[in-house]
Amino acid sequence: MVFLLPFISSCYAQEHLSLRTLPFSPSTPEPVFVERVMDDRLIKSLGVHKNLTNNDVELFLAGGAEQSVQDFFNTSLPEKEGGIPIVISIRALNVQESVRRMNRGITSVARTHLSLVFYEMRSDSLKELYRIKHNEDAVFELGDREAIYATHEKRIRAALEYCMHSFLNTYHQVKATLNDSDFRPLSQNERIDIRLGDWYNLVTLKAIRSRYLEGYGISYTGFVDNSKGLIRPYETSFEIAWARPDVAEDNGFNHVNSFVFRPELYFFYKKLFQGTYASMSANVPVGFELLEDLEGKNSVNFVIGVGASQGLRFIPWRKKGIVFGADVLQQLETSKVYRFDLGIELVLGFNF
Amino acid sequence: MKIILISCFLILPHVLHAQKIDNIHFYTTWSLDKYSENGEYYFPPKKERGDYISLNPDMTFTSKAEGKDSSGTWIFNANGKYIELKSASGDIEKLYIHFLSDKSMIVTYDVDKYRLWHVHYVSKA
């Protein structure tokens with residue numbers, strides 16, 4: 001039964017990344033070398049990701065993490081006579097992929113998360129010297145699978161090198177003060193985000209009803225989930241609305257139809273609890289109105305304004321599912337039928 | 001415009017010229033010369049004239065950015081092809097190296113606002 005477990009726990013094909021050995025120059029002349037590497041991770045894989053043919057595969061370091069990390073360090077820190085042997089424990093090593101907002105667009109991001117503990121052998125037992133957590137992040141054009149996949153290996157090397165530089169610098173500075181009687185291990189960066197946030201895509205339809213208008217809109221919203229602080233989603237939406245019949249007539253028109261894009265100026269979500277978000281937006285509606293007056297003559301009016309809305313979004317299913325919500329909205333616009341409008345929006349859509 | 005730029009990008013560090021770079025190649029004072037984006041060159045604005053980064057062999061640095069002086073320590077990460085500047089006040093800056101010669105260094109700052117820009121430094125030494 002026990003020997004079946006590995007087969008049950010892993011239902012993905014495996015792919016192995018080989019670490020290239022690009023030597024680096026330690027910035028301090030410490031004569032340390034890595035005597036042994038221990039892989040103390042509970043899950044020995046780097047994570048499950050799509051490969052170049054778009055299949056989910058479980059990634060591993062070729063030759064095992066212990067051997068490949070040791071080989072990597074040995075290239076730059078060869079064993080010397082009189083050198084100090086160091087033992088390294090790998091507490092976390094994984095690669096991650098997500099998507100995030102950058103300036104006014106969306107980009108893919110990839111991360112190597114690494115957590116190492118450095119030990120030295122003192123009077124026949126391992127003494128912890130230093131511990132570090134480090135993220136090596138990179139930004140890519142959205143969906144550039146080839147570049148992300150091809151560079152996971154490079155980020156692992158960069159993360160390993162970074163942790164070794166940090167250890168050597170610290171070790172160099174405090175070596176004299178380290179002794180067995182008064183010994184406290186050093187740590188750095190204990191508080192870092194070890195996981196890239198999950199990216200949500202929402203496509204929603206909204207029904208708008210206000211004092212002067214009624215209509216429909218379609219929106220795309222993308223954001224990285226975050227329990228702390230404000231979330232800054234990316235959103236773009238298009239709306240078609242028409243003046244309510246009595247409103248049009250009161251202003252001397254048969255029909256007033258408006259077509260509006262609504263770029264966001266400031267747009268925030270705040271996660272209230274799992275699956276529930278408060279939203280706040282300040283935006284600039286831009287578009288045009290098609291007007292038909294009582295004599296049947298058509299004209300076009302360019303509209304621009306400022307808008308604001310406040311509301312709630314419910315996203316009960318994390319991976320895929322329905323999204324619903326409601327907003328109250330206010331807007332000031334160069335419309336032929338109103339200057340200031342107040343209304344509500346009902347939102348229904350799905351996330352993926 | 002930005003969206004178009006983003007979809008056209010990214011000038012990532014993996015386009016680095018095939019050259020073995022070592023710490024020693026950075027030991028000099030690098031003066032800010034110009035910026036470039038998509039092959040167009042721009043001179044730095046007035047407040048950035050005279051900006052520099054001085055990388056010393058003892059792994060300390062001094063710099064001036066937008067007229068403000070800063071100092072601290074630096075490391076070169078050969079596998080990640082970047083320099084990390086850690087200032088005395090705790091600020092960390094990451095500069096991806098695209099090109100390096102005796103006289104010239106082209107980098108990208110790891111900050112969204114400037115991610116599409118190449119920053120050109122020259123060494124007068």
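**Exercise 1. Determine whether B:Met59 is buried, partly exposed or exposed, and describe its surroundings.**

Solution. B:Met59 has 19 C-beta neighbours inside 10 Å and therefore counts as partly exposed. Here a residue is buried if 20 or more other C-beta atoms lie within 10 Å of its own, exposed if 12 or fewer, and partly exposed in between, with C-beta atoms placed from the backbone.

The model is predicted: local features need pLDDT of at least 70, side-chain atom pairs count only at pLDDT 80 or more, and totals for chains, interfaces and linings use all residues. Residues are numbered from 1 along each chain as its sequence is written, while chains are lettered from A and ligands numbered from 1 in the order in which they are written.

Next, locate the residue: B:Met59 belongs to the loop that links strand S3 (52–55) with strand S4 (60–65) of chain B. Helices (H or I, at least four residues) and strands (E, at least two) are DSSP runs, numbered from the N terminus.

Finally, list the contacts, a contact being a pair of residues whose C-beta atoms, placed from the backbone, lie within 7 Å. Leaving aside residues up to four places away in sequence, B:Met59 touches B:Thr73, B:Trp74 and B:Ile75, and also A:Ser27. Between B:Met59 and B:Ile75 the C-alpha to C-alpha distance is 6.7 Å, although they are 16 residues apart in sequence.

**Exercise 2. Summarise the make-up of chain B.**

Solution. Chain B contains 1 helix and 9 strands. Read from the N terminus on, its elements follow the order α-β-β-β-β-β-β-β-β-β. Of its 125 residues, 26% are buried.

**Exercise 3. Explain why chain A is described as more spread out than a compact globule.**

Solution. Begin with the content of chain A, which is 4 helices and 18 strands. Its radius of gyration is 29 Å, well over the 20 Å that the globule rule gives for 352 residues, so chain A is more spread out than a compact globule. This radius is taken over C-alpha atoms, and the rule is 2.2 Å times the number of residues to the power 0.38. Along the principal axes, the C-alpha atoms of chain A fill a box of roughly 100 × 50 × 35 Å.

**Exercise 4. Identify which residues of H2(A) are buried, and where they pack.**

Solution. Helix H2 of chain A covers residues 65–76. Its buried residues are A:Ala65, A:Ser68, A:Val69, A:Phe72 and A:Phe73. Viewed down the axis of H2(A), they fall within an arc of 130 degrees, so they line one face of the helix; the arc is that of the directions from the helix axis to the C-beta atoms. An α-helix has 3.6 residues a turn, so residues three or four places apart point the same way. The partners of these buried residues are strands S2 (32–39), S4 (56–61) and S5 (84–102) and helix H3 (145–174) of chain A.

**Exercise 5. State the order of the 5 strands in the open sheet of chain A, and find its edges.**

Solution. The order is S2-S5-S6-S7-S8, with mixed pairing; two strands pair if DSSP finds at least two bridges between them. S2 and strand S8 (186–188) of chain A are the edges, each having a single partner strand, so one side of each lacks a neighbour in the sheet. Within the sheet, S6 (residues 105–122) and S7 (residues 125–141) of chain A run antiparallel and are joined by 16 bridges. In this pairing, A:Phe118 stands opposite A:Tyr130 in S7(A).

How values were computed. Two residues are in contact if their C-beta atoms, placed from the backbone, lie within 7 Å. The expected span of a helix is 1.5 Å times one less than its number of residues.
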